[in-house]
Amino acid sequence: MEQRIKDRFSNDILMEAMQRFGIQKDQIKILDSFESFIYEYSNALGSFILRLSHSIRRNEFLIQAEVDWINYLAEHGVSVSNAIFSQDGSLVEVIDDHQGGEFLVTAFVKARGEPPWGRWTPALYESYGELLGKMHALTQQFKPILAERKRPEWDDPIFDFVGQFLPESESLMHEKYRAICKHVNKLPKNSNTYGLIHQDAHGGNLFIDEKGQISLFDFDDCCYSWFINDIAMVLFYIVMDAEDREAFTQEFMLHFLQGYLRHCTLDFDLLNEIPYFLKMREIELYAVIQRDFDLDNNWVNRFMKDRKYYIENDVPFINYDFSLLQTLL
């Protein structure tokens with residue numbers, strides 16, 4: 001989280017947010033978070049998540065658009081953590097920070113279950129694919145409630161992590177990132193290939209319950225992009241710690257796509273674009289880590305080891321021929 005956002009936060013802000021959602025002091029606890037202040041609270045109605053974002057990152061319209069889409073998905077049967085109303089009947093509460101900005105407060109039903117670590121199976125890979133397939137099929141019919149309440153495009157400046165956080169001295173990295181963006185921007189944009197996506201649907205943003213149902217949350221980065229980008233992001237994170245990335249990629253993607261295709265069509269030609277989206281996220285993550293990640297963190301250390309060399313020398317994130325998938329499905 002940016003320091004300037006931390007500096008504007010106070011206990012008074014939190015107390016005001018709690019009051020607006022009817023939360024008592026003994027009901028709430030803080031959770032680990034990255035870009036916003038996140039709390040869990042419970043009451044007679046169940047368990048919920050309280051999120052305090054700041055207008056430095058997202059304005060009110062963007063957050064309204066986020067919860068509009070989340071609730072649309074929930075209303076149409078997708079297992080996501082839907083947003084709930086405040087005491088005054090608002091999905092987004094605005095609290096003045098008295099420094100020229102605002103904290104934007106939302107609350108969500110807490111996802112059922114637990115994190116997926118150590119629980120993945122081929123059947124769950126298929127369920128994972130079904131979840132994204134349902135989302136991508138539904139988003140083809142979704143229309144923003146108001147024109148100004150629309151999520152950004154994938155290349156909006158708010159997602160320019162490379163430009164914001166990567167030093168200018170990393171000129172080759174900047175050049176390679178621009179080339180990838182230029183390439184993907186030529187891909188077809190139609191209702192079957194492009195729409196609202198989660199853009200960060202990795203294992204840290206989902207729970208699995210005792211029945212094996214996957215519930216997705218944290219739509220903070222949702223945007224208009226290619227559906228294949230959403231699929232690439234899923235693969236990017238789940239393959240990270242695989243001993244044999246190529247073998248795992250084939251096993252995972254076959255099961256994932258079998259589930260996905262039950263609910264949504266796929267332009268198989270776009271499977272060949274996955275390496276570009278993988279490399280895009282690789283560079284973006286490298287840039288974000290420059291900002292404020294703990295380099296002593298084991299996961300960060302593993303990712304950053306030789307990462308600069310891999311990116312600058314065009315080493316594929318996964319050395320796999322994605323065109324094989326169509327013949328194997």
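A salt bridge is counted when a side-chain nitrogen of Lys or Arg lies within 4 Å of a carboxyl oxygen of Asp or Glu. This is a predicted model, in which local features need pLDDT of at least 70 and side-chain atom pairs count only at pLDDT 80 or more, while totals for chains, interfaces and linings use all residues. Residues are numbered from 1 along each chain as its sequence is written, and side-chain values use heavy atoms, with hydrogens and water left out.

The structure holds 22 salt bridges. Salt bridges link Glu35, Arg57, Arg58, Asp220 and Asp221 in a network. Elsewhere, Glu126 pairs with Arg262, with 2.6 Å between the closest N and O atoms. This pair links distant parts of the chain, since Glu126 is in helix H4 (residues 122–139) and Arg262 is in the loop between helix H8 (245–260) and H9, 136 residues apart; helices are DSSP runs of H or I with at least four residues, numbered from the N terminus. Glu126 is buried at 17% relative accessibility, and Arg262 is partly exposed at 47%; buried means under 20% relative accessible area, exposed over 50%, and partly exposed in between (1.4 Å probe, protein chains only).

A cavity is a set of points, on a 1 Å grid over the protein atoms alone, where a 1.4 Å probe fits but cannot get out, and its lining residues have an atom within 4 Å of a point. Grid points are joined across faces, edges and corners, and a volume is the space filled by probe spheres set on the points. The structure holds two cavities of 30 Å³ or more. The largest has a volume of about 50 Å³ and is lined by Trp154, Gln199, Asn229, Met233, Met280, Arg281 and Glu284.

Ile318 lies in the loop between helix H11 (307–312) and helix H12 (324–328). Ile318 is buried, with a relative accessible area of 3%. Leaving out residues up to four places away in sequence, Ile318 touches Leu235, Val239, Arg245, Glu246, Thr249 and Leu278, where contact means heavy atoms within 4.5 Å.

Methods. 1 Å grid on protein atoms, 1.4 Å probe; cavity = no way out; pocket = protein on both sides within 12 Å on 5 of 7 lines; lining within 4 Å. Helix = DSSP H or I, 4+ residues; strand = E, 2+ residues; numbered from the N terminus.
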